[in-house]
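This report is written for a reader who has the sequence and the three-dimensional model at hand. Please consult both while reading.

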Amino acid sequence: MEWAWLIPVFSFAAAPVIVVFGKYLPGRGSWLSILAIGGGFVVFWFVFISWLGADAATRGCFTSENTGMLTCDYERSWFNAGIAGAVGSVTLHWGILIDPLTIAMLGLVTFVALMVQVYSTAYMKGDPRFGWYFAVHSLFAAAMLTLVVADNFLLLYVAWELVGICSYLLIGFWHERPQAREAAKKAFIVTRIGDVGLLVGILLIWREVGSFSMLDAFEAARTGAMSEGVATASAILLFLGAMGKSAQVPFHVWLPDAMEGPTPVSALIHAATMVIAGVFLVARTFPIFEAYDADPLLIVAIVGLVTALMAATIALVATDLKRILAYSTISHLGLMMLSLGAFGYTAAIFHLMAHGFSKALLFLGAGSVLHSTETQETGEMGGLRKVMPLTALVFSIGALSLGGIPILAGFWSKDEILVAVNDHRNAAFIVLTLFTALLSALYMGRAMFLVFFGELKDRNSGVHDAPAGMALPMVLLGVLALGFGLISFNWPGSFGGIGTFLFFGHGEEFHFVPWLGAVSIVMAVMAFVFAYLAYAKKSIALEGARSRFALVLKVVENKYYFDEVYQWTIDRVVLVFSGFIAYFDRAIVNDIAVNGPADLVRKFGTVLRLHVTGHVYSYTLGMAVGSIGLGIFVWLRAV
């Protein structure tokens with residue numbers, strides 16, 4: 001397990017090598033990037049097997065009082081700030097933390113990144129910056145993997161910011177396009193706002209605990225050494241950072257625009273790296289959120305529910321295929337946050353993984369469609385299953401999974417979220433969560449039927465299915481989207497189910513609530529049937545509903561006017577206020593406070609120098625006048 005640090009190091013090492021020597025390497029360095037992440041995936045299995053064979057007596061391992069899980073911590077001192085042992089001194093460490101959450105995330109990130117990179121060799125073929133693409137890809141994966149294994153907040157924050165930089169570079173990869181440049185800047189700026197909260201939260205924890213160590217912070221929260229006020233405030237500040245990265249309302253506006261990047265980048269960002277970092281952060285720091293009365297978790301639940309519901313409605317009316325999937329990602333991230341806010345720790349991470357495989361599959365399938373048809377508008381598609389049967393099959397598997405159709409992966413993880421919400425939140429939460437699940441099935445069915453069913457348009461009669469380099473990753477992801485949910489069950493003699501492997505507090509076997517499962521199944525099936533009749537068979541007319549709800553539809557189609565409100569705020573408030581500050585700085589600070597005294601001295605000196613004439617009589621007159629004046633002053637003082 002101590003060798004887990006190699007998993008990100010492989011990709012870290014590959015990035016500069018590709019930048020410097022890429023033009024001399026086969027495939028301009030693409031295969032070096034693939035070998036690096038592939039090596040990380042291999043090491044992941046050794047780490048996983050080692051953890052399964054470990055116990056509390058294994059070096060560096062113990063059973064955590066906070067999570068109840070076997071946890072292994074390996075760290076090395078970096079440097080001391082201040083005099084050792086003195087007040088205010090601190091020792092900084094680099095270290096790795098191995099527990100079931102780390103293992104689950106390592107498996108997801110390495111596998112999805114590997115699939116996306118293999119897919120990219122065919123998708124990005126011929127691009128003039130082919131090597132640079134894979135260099136940044138490697139750096140992106142390395143940063144996310146470092147974030148996952150970090151055992152202290154300082155290392156996590158460094159990796160967190162590096163993930164943001166890499167996302168900026170990849171979203172704006174085609175920087176010659178104005179939309180790509182703007183989308184990259186938007187993603188960078190919006191997520192930075194949340195990151196300020198994360199940084200302040202980390203510093204607040206360090207100030208209270210005296211260490212950047214996560215385990216020390218968790219223990220302080222559990223024992224009461226961290227006060228309730230600090231625990232609550234730091235949890236909310238950490239959640240601000242999570243909201244930015246995981247695109248929670250109101251920080252969600254950057255994610256749909258991130259579709260301007262290459263489609264494989266969208267698959268990586270939306271499935272296994274940047275957007276799941278926020279969910280991972282809340283799960284990793286769950287002991288702080290759960291401490292005392294767990295008030296921050298109610299905030300997490302509310303924000304998650306609002307995000308899930310709002311994004312689901314927008315996905316239902318979007319027409320751009322990639323943006324439908326983008327809003328689907330936001331909605332499912334909201335469901336993960338809702339699950340964490342409802343104490344559904346296992347359910348949230350289970351859904352994170354099921355969603356990761358399914359969403360990567362959907363984006364790669366969308367990339368196959370875009371690569372062949374050269375359009376993203378669903379209105380220009382239809383009937384593509386006739387010419388792209390493999391893509392239609394795997395895309396449908398991903399859509400059915402996220403729509404909650406049994407027995408696919410998304411059904412089981414979604415059911416666990418419903419159970420958690422039903423058990424720990426009030427009736428309003430479960431009703432709205434069920435409604436969100438219904439919308440999820442509806443927009444997934446809409447996307448699937450609009451693109452692959454119905455009549456094939458003449459303009460698409462010549463399109464072709466994905467080449468082998470793109471097809472293989474889609475097939476492998478399709479297998480996981482189809483069967484990954486089976487890990488929820490207790491298999492006799494081997495695996496006890498994900499609930500006994502990944503949990504918070506104590507392990508729990510999978511349990512199915514019949515009435516809740518029945519309701520979710522009926523709703524999902526009805527949604528797909530309705531979508532088929534409305535968008536494939538076109539036997540249900542939607543014009544009447546559109547006219548009756550025209551006002552609501554307009555608001556939803558305009559994405560609840562978040563972008564317009566932000567733009568107005570920038571134009572009318574931020575720029576006006578910054579203009580006033582600029583004027584104040586120039587006219588008051590510079591001209592009066594800084595330059596004013598200097599100008600006064602200069603003018604006084606100019607006047608003073610007038611007595612320097614070079615004539616003896618002038619100096620004599622000056623001394624005489626001065627002597628008389630001095631004499632008068634002394635006489636007045638004496639009188």
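The model is predicted: local features need pLDDT of at least 70, side-chain atom pairs count only at pLDDT 80 or more, and totals for chains, interfaces and linings use all residues. Residues are numbered from 1 along each chain as its sequence is written, and side-chain values use heavy atoms, with hydrogens and water left out.

**Helix packing**

Helices (H or I, at least four residues) and strands (E, at least two) are DSSP runs, numbered from the N terminus. Axes are lines fitted to C-alpha atoms, for helices over the stretch in contact, and angles run from 0 to 180 degrees between N-to-C directions.

| Helix pair | Angle | Axis separation |
|---|---|---|
| α3 (residues 100–123) and α4 | about 175 degrees | 10 Å |
| α4 (residues 130–149) and α11 (residues 274–284) | about 10 degrees | 11 Å |

Because angles over 145 degrees count as roughly antiparallel, α3 is roughly antiparallel to α4 at about 175 degrees. Contact means heavy atoms within 4.5 Å. Residues of α3 including Met 105, Val 109 and Val 116 take part in the contact with α4, whose contributors include Phe 134, Ala 141 and Leu 145. By class, this contact has 13 nonpolar, seven polar and no charged residues. Here Ala, Val, Leu, Ile, Met, Phe, Trp, Tyr, Cys and Pro count as nonpolar, Asp, Glu, Lys and Arg as charged, and the others, Gly among them, as polar.

Helix α4 also packs with α11 at about 10 degrees, which makes the two roughly parallel, a term for angles under 35 degrees. On the α4 side, Phe 140, Met 144, Leu 147 and Val 148 meet Met 274, Ile 276, Ala 277, Phe 280 and Arg 284 of α11. The contact of α4 with α11 has eight nonpolar, no polar and one charged residues.

**The sheet**

An open sheet is formed by three strands in the order β1-β2-β3, with antiparallel pairing; strands pair if DSSP finds at least two bridges between them. At the edges lie β1 (61–63) and β3 (90–98), each of which pairs on one side only. Between β1 and β2 (residues 70–81) there are three bridges. Thr 63 has Leu 70 in β2 as its bridge partner.

**Glycine 29**

Gly 29 is located in the loop between α1 (6–21) and α2 (30–52). Its relative accessibility is 1%, so Gly 29 counts as buried, that is, under 20% relative accessible area. Gly 29 and Phe 134 are 105 residues apart in sequence, and their C-alpha atoms are 7.2 Å apart in space.

Note on methods: Angles under 35 degrees count as roughly parallel, over 145 as roughly antiparallel, 65 to 115 as roughly perpendicular and the rest as oblique. Buried means under 20% relative accessible area, exposed over 50%, partly exposed in between (1.4 Å probe, protein chains only).
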